[in-house]
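Please look over the fold shown here. This briefing covers its overall build, its cores and a few backbone details.

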Amino acid sequence: MADYTMVAALNQALRDSLRDDDRSLVLGEDVGPLGGVFRVTDGLQKEFGPERVFDTPLAESAIAGVSLGLALAGWHPVAEMQFDGFSYPALDQVISHVAKYRMRSRGRQAVPMVIRMPFAGGYGGAEHHNDSPETYYAHTAGLKVVAPSTPLDAYRLLVQSIRDPDPVIFFEPKSRYWSKESGELTADGLPIGKARVVREGEDCVSVTYGAMVARALQAADRVSEDGTECTVLDLRSLVPLDLETLAETVRSCGRAVVVHEAPMTLGMGGEIVARIVEDCFDYLEAPILRVTGYDIPYPPATIEQHYVPSVARIAGAVTRTVEY
């Protein structure tokens with residue numbers, strides 16, 4: 001057993017994929033000699049050479065378009081969008097082309113590519129560096145969308161994503177890059193499309209993903225001091241969404257709180273609430289509450305603690321729905 005940060009686990013996932021499949025490539029801004037802004041690609045170019053790990057111009061649309069061309073030519077590109085808020089120039093390529101080739105070719109053309117994207121806030125970043133754009137991608141049919149919450153699961157999901165024949169948007173929670181977890185790095189275990197229960201309780205379920213899993217666990221510990229036991233469900237995969245596990249956990253508790261960093265309006269939480277109502281209405285004992293970012297542009301780092309869902313806000317929502 002060893003301790004891994006999420007950065008180290010992701011780096012090892014890329015290294016193992018490059019070693020195991022000579023069609024795998026890593027590309028993006030500063031992923032080569034620098035090793036990436038967060039050092040996720042550190043040492044990869046030195047080991048595998050600039051033909052397989054290479055820097056690109058500061059042009060996100062080109063990164064996505066070139067990656068698509070490489071995938072169609074038989075390569076398995078892993079592209080990095082340096083920050084979430086920098087990814088928007090690539091949306092046309094991703095939405096109009098990357099997501100549609102499987103359908104456009106009547107299922108004959110796979111698109112085995114991954115777009116890695118550091119996302120969300122809570123770490124003191126500047127403007128354009130803290131967005132939570134998962135809804136744009138989850139709404140785009142033809143893409144798979146995942147968001148790990150721990151180092152070991154980050155390794156597992158990234159290796160699985162690189163092996164997947166369809167395009168995967170891989171969200172990496174920046175505030176959890178330096179979190180540690182002890183265990184073995186393996187791609188075996190839960191696949192893309194399956195959620196995991198990380199804490200069990202009978203009074204309420206907190207449904208979340210990414211960095212908010214850790215805060216939901218802290219909130220669950222806090223309300224436990226008052227006798228409320230809360231399940232925490234880590235979705236892991238936003239597309240496909242594990243509706244079966246979601247329904248099972250909500251039915252067992254009768255109450256639910258949905259947590260994410262993105263703004264509330266038309267956020268991922270709205271879809272989750274709708275699915276719960278459709279599948280679990282007869283089991284609900286209280287309204288489903290959402291704890292999210294606010295419907296404003298991401299604030300300056302000096303006041304972001306008021307924007308990102310806090311342990312207190314999550315615990316308060318759990319308490320309100322249990323007392324309803």
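The points below go from the whole chain to single residues.

The model is predicted. The protein has 11 helices and 14 strands. Its radius of gyration is 19 Å, close to the 20 Å that the globule rule gives for 324 residues, so the protein is as compact as a globular protein of that length.

**Overall build**
- Along the principal axes, the C-alpha atoms fill a box of roughly 60 × 45 × 40 Å.
- Of the 324 residues, 56% count as buried.
- Among contacts with a separation of 6 or more, 81% join residues 24 or more positions apart.

**Surface and charge**
- The accessible surface comes to about 13,600 Å². Carbon and sulfur atoms hold 52% of that surface.
- The protein carries 30 positive and 45 negative charges.

**Nonpolar cores**
- In soluble globular proteins, nonpolar side chains tend to be buried together.
- The largest nonpolar core here has 44 residues. Those with the most contacts inside this core are Tyr137, Ile169, Phe171, Val207, Leu235, Ile272 and Ile276.
- A second, separate core has 31 residues. Ala154, Leu157, Leu185 and Ala187 are among them.

**Around Phe171**
- Leaving aside neighbours within four places in sequence, Phe171 is in contact with Met117, Phe119, Pro133, Glu134 and Tyr137, among others.
- Its contacts also include Val145, Val146, Ala147 and Pro148.

**Cis peptide bond**
- The peptide bond from Val239 to Pro240 is cis, with omega near -5°.
- Pro240 sits in the loop between β12 (237-239) and α9.

- Ala120 has phi near 75°, a positive value in a residue other than glycine. Ala120 lies in the loop between β5 and α6 (134-138).
- Is Ala120 buried or exposed? Ala120 counts as buried, because its relative accessibility is 1%, below the 20% cut-off.
- Leu266 also is not a glycine, and its phi is positive at about 60°. The loop between β13 and α10 holds Leu266.
- Leu266 counts as exposed, because its relative accessibility is 74%, over the 50% cut-off.

Methods:
Residues are numbered from 1 along each chain as its sequence is written. This is a predicted model: local features need pLDDT of at least 70, side-chain atom pairs count only at pLDDT 80 or more; totals for chains, interfaces and linings use all residues. Side-chain values use heavy atoms; hydrogens and water are left out. Helices (H or I, at least four residues) and strands (E, at least two) are DSSP runs, numbered from the N terminus. The radius of gyration is taken over C-alpha atoms; the globule rule is 2.2 Å times the number of residues to the power 0.38. Buried means under 20% relative accessible area, exposed over 50%, partly exposed in between (1.4 Å probe, protein chains only). Contact means heavy atoms within 4.5 Å. Accessible areas come from the Shrake-Rupley method with a 1.4 Å probe; for residues, only the protein chains shown count as cover. Lys and Arg count as positive and Asp and Glu as negative; His and the chain ends are not counted. The place of a charge is taken as NZ of Lys, CZ of Arg, CG of Asp or CD of Glu. A nonpolar core is a set of buried Ala, Val, Leu, Ile, Met, Phe, Trp, Tyr and Cys residues joined through side-chain atoms within 4.5 Å.
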